[in-house]
Amino acid sequence: LSIKNSRNFAQSGYRFPGGQLVMDTGDGNELSIENFAFLIDSKDETSVKKIIDDGDLFKGFPPLAIAGMHTNGTWVLEKFGNKDNLSIESEANLKDLAMHLQLDVDNDILEDSKFTPLMLAVMFGPPRSVEIIINKVGKEGLLKKTRKSYDAKLFANCRNDDDIQRHFKNNGRHQCEPCQACALM
């Protein structure tokens, strides 16, 4: 497994291509992931809360999962995240979201599903998002696995970011089975 492009999706200077990833807000308006990122950046608590409360999804991923990947999304996790809504597993695979955000991820991961906000933050978010989510979901959240049995610890080992990996350190590196791709990085 590898996560080749682990930049935060809203890092300074990065702008999303075209608005292809769209979410129906239920009121006839459409909200793109770019617009949601703008709401996060502008700290529009009312709009962000409504999107979370409405249970809207971005290509199968809840707004808190998207916020966990966003450089400035930590305030959203702190204000609106809790053990339940930060433990939600996605039904969608990662392919459409990764294509839209131009994330370079192995096909094996792209085809997987049941990602939690923690897993996505570990792969693509800032270290502070990972810390906030871990503090809110506890050990149960750390033990969740994708459909293909990958967990946040494995993604942390593949990320190559000491600030993220430190949250998962105990008895050495956890390597995936059967590919052992992490050993090759």
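Of the 185 residues of the protein, 51% count as buried, and this figure belongs to a predicted model, so the confidence of the prediction has to be kept in view alongside the geometry. The accessible surface comes to about 8800 Å², and carbon and sulfur atoms account for 45% of that area. The secondary structure consists of ten helices and two strands, and from the N terminus on the elements run β-β-α-α-α-α-α-α-α-α-α-α. Among contacts between residues at least 6 apart in sequence, 69% join residues at least 24 apart.

The protein averages a pLDDT of 81, with 75% of the residues scoring at least 70. Among the elements, strand β1 (residues 22-24) has the lowest mean pLDDT, 42, whereas helix α4 (residues 74-80) has the highest, 98. Over residues 2-29 pLDDT stays under 50, although the model has 80 contacts beyond four places in sequence for this stretch; over residues 171-185 pLDDT likewise stays under 50, and there the model has 24 such contacts. Where pLDDT is low, the predicted coordinates should not be read in detail.

The interior can be approached through its nonpolar residues. In soluble globular proteins, nonpolar side chains tend to be buried together. Here the largest nonpolar core has 48 residues, of which Val76, Leu94, Phe115, Leu120, Val122 and Phe155 touch the most other members. The largest share of this core, seven residues, comes from helix α7, an element that spans residues 117-124.

A search of the whole structure finds four aromatic pairs. One of them joins Trp75 and Phe80 in an edge-to-face arrangement, with 6.2 Å centre to centre and 65° between the planes; both Trp75 and Phe80 are buried. Elsewhere, ring pairs link Phe115, Tyr150 and Phe155 into a cluster, and two members of that cluster, Phe115 and Phe155, are also among the core residues that touch the most other members.

Just after α1, Lys43 takes a positive phi of about 55°.

Leaving aside its neighbours within four places in sequence, Thr116 is in contact with Ser87, Ile88, Glu89 and Lys144.

Ser129, by comparison, lies in helix α8 (residues 127-143). Its relative accessible area is 0%, and therefore Ser129 is buried as well. What surrounds Ser129 once its neighbours within four places in sequence are left aside? The residues in contact with Ser129 are Ala67, Gly68, His70, Thr74, Leu77 and Ala121. With one of these, Gly68, there is a specific polar approach, in which the backbone oxygen of Gly68 lies 3.2 Å from a polar atom of the Ser129 side chain. Two other contact partners of Ser129, Thr74 and Leu77, fall within helix α4 (residues 74-80), the element with the highest mean pLDDT.

Note on methods. Residues numbered from 1 in each chain as written. Heavy atoms only, no water. Helix = DSSP H or I, 4+ residues; strand = E, 2+ residues; numbered from the N terminus. Contact = heavy atoms within 4.5 Å. Buried < 20%, exposed > 50% of the residue type's maximum accessible area, 1.4 Å probe, protein only. Areas by Shrake-Rupley, 256 points an atom, 1.4 Å probe, with all protein chains shown as cover. Core = buried A, V, L, I, M, F, W, Y, C linked by side-chain atoms within 4.5 Å. Phe/Tyr/Trp six-rings, centres within 6.5 Å; stacked < 30°, edge-to-face > 60°. pLDDT = per-residue confidence, 0-100. Polar contact = N/O pair within 3.5 Å; in protein donor to acceptor, adjacent residues only side chain to side chain.
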